[in-house]
Amino acid sequence: PTRTQRKLPITMMMKSILLALSLGGATAFTRTPVRMAAETSMVKNGWKYDQNKFVGGLPGAIAPLGEFDPLEICYPEEMSESDVKRLREAEVMHGRVAMMAFVGYIMGEAVTPLTGKSFIMPTPVTGPANSHLAQIIAEQPLAFIVFVLAIGFAEIRRAQIGWVSPDEALFTLRDDYYPGDIGFDPLGIRPDTPEAFALEQTRELSNGRLAMIAVAGLCVQELVRPVQILENLGIQREVIG
């Protein structure tokens with residue numbers, strides 16, 4: 001057979017895989033039908049689910065946008081409490097990752113631990129932050145494996161805390177679990193009252209949303225102009241290092 005004929009089955013298989021992934025991803029954004037079974041909502045950190053309120057009554061409606069959901073992704077009247085909490089869980093976790101990523105972009109390009117002069121990163125890592133992971137994989141594959149295992153451990157632990165076991169129900173949060181509250185508070189700064197907790201949750205959401213937009217901007221900036229962020233602003237790495 002010709003080269004084109006040999007590639008045809010592979011091409012068809014790849015198209016089938018991409019179609020399946022696309023359909024699977026699309027279902028994540030479809031509204032879940034109202035569950036007929038009666039659900040008893042529990043009070044969690046002073047919050048009790050109310051399907052008649054925006055996002056079930058969860059904090060996060062911040063001025064000046066307020067109850068901002070133009071695509072109606074979260075629609076409590078047609079979703080279960082678990083579905084609403086799952087959306088908030090995703091927002092909180094993505095916001096936390098984005099806040100760490102923003103710090104990683106700036107500090108990873110600015111300070112000395114990534115220059116190969118310390119035990120933190122014995123291999124020099126240079127250039128825009130977008131290329132750092134590829135450099136680590138090429139030069140220190142074992143460090144990358146440890147990094148992936150650490151992420152996997154953290155995600156498994158989060159699932160054990162907040163999610164119902166898959167053999168009982170799929171994609172379902174525990175009734176007594178508050179989105180994002182995995183009990184990690186080493187500094188003991190967790191508010192004691194429901195009002196203070198809601199305020200801190202709103203602050204975290206606000207910073208997380210800003211961080212997600214900022215990290216997207218940093219990534220695109222380095223793709224368009226492949227130089228370090230601080231260098232692009234006229235600040236040399238040696239000044240900070």
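User: Which residue forms a salt bridge with E155?

Analyst: This is a predicted model, in which local features need pLDDT of at least 70 and side-chain atom pairs count only at pLDDT 80 or more, while totals for chains, interfaces and linings use all residues. Residues are numbered from 1 along each chain as its sequence is written, and side-chain values use heavy atoms, with hydrogens and water left out. A salt bridge is a side-chain nitrogen of Lys or Arg within 4 Å of a carboxyl oxygen of Asp or Glu. The closest N and O atoms are 2.7 Å apart in the salt bridge that E155 forms with R158.

User: Where do R158 and E155 lie?

Analyst: The two residues are three apart, about one turn of the helix. Helices are DSSP runs (H or I, at least four residues) numbered from the N terminus. R158 and E155 both lie in helix 4.

User: Is R158 buried or exposed?

Analyst: Buried means under 20% relative accessible area, exposed over 50%, and partly exposed in between (1.4 Å probe, protein chains only). E155, at 39%, is therefore partly exposed. R158 has a relative accessible area of 15%, so R158 is buried.

User: Which residues are linked with R88 in a network of salt bridges?

Analyst: The side chains of R88 and E91 meet at 3.2 Å, N to O, and both residues lie in helix 2. R88 counts as buried because its relative accessibility is 5%. The network links R88 with E91 and R209.

User: How many salt bridges does a search of the whole structure find?

Analyst: Another example joins R203 to E200, with the closest N and O atoms 2.7 Å apart. Both of these residues lie in helix 5. The number found in the whole structure is nine.

User: Which element gives the largest share of the nonpolar patch?

Analyst: The patch, of about 420 Å², is made by L133, I137, F147, V148 and I151. Helix 3 and helix 4 each give two or more residues to the patch. The largest share, three residues, comes from helix 4.

User: How many nonpolar residues are in the lining of the largest pocket?

Analyst: The largest pocket holds about 1,900 Å³ of space. Of its 48 lining residues, the closest to the centre are R96, V97, M99, M100 and A101. Beside seven polar and 10 charged residues, the number of nonpolar residues in the lining is 31.

Definitions and conventions
1 Å grid on protein atoms, 1.4 Å probe; cavity = no way out; pocket = protein on both sides within 12 Å on 5 of 7 lines; lining within 4 Å. Points joined across faces, edges and corners; volume = space filled by probe spheres on them. Nonpolar A, V, L, I, M, F, W, Y, C, P; charged D, E, K, R; others polar. Patch = residues over 30% accessible without salt bridge, like charges linked within 9 Å, V, L, I, M, F, W, Y side chains within 5 Å. Areas by Shrake-Rupley, 256 points an atom, 1.4 Å probe, with all protein chains shown as cover.
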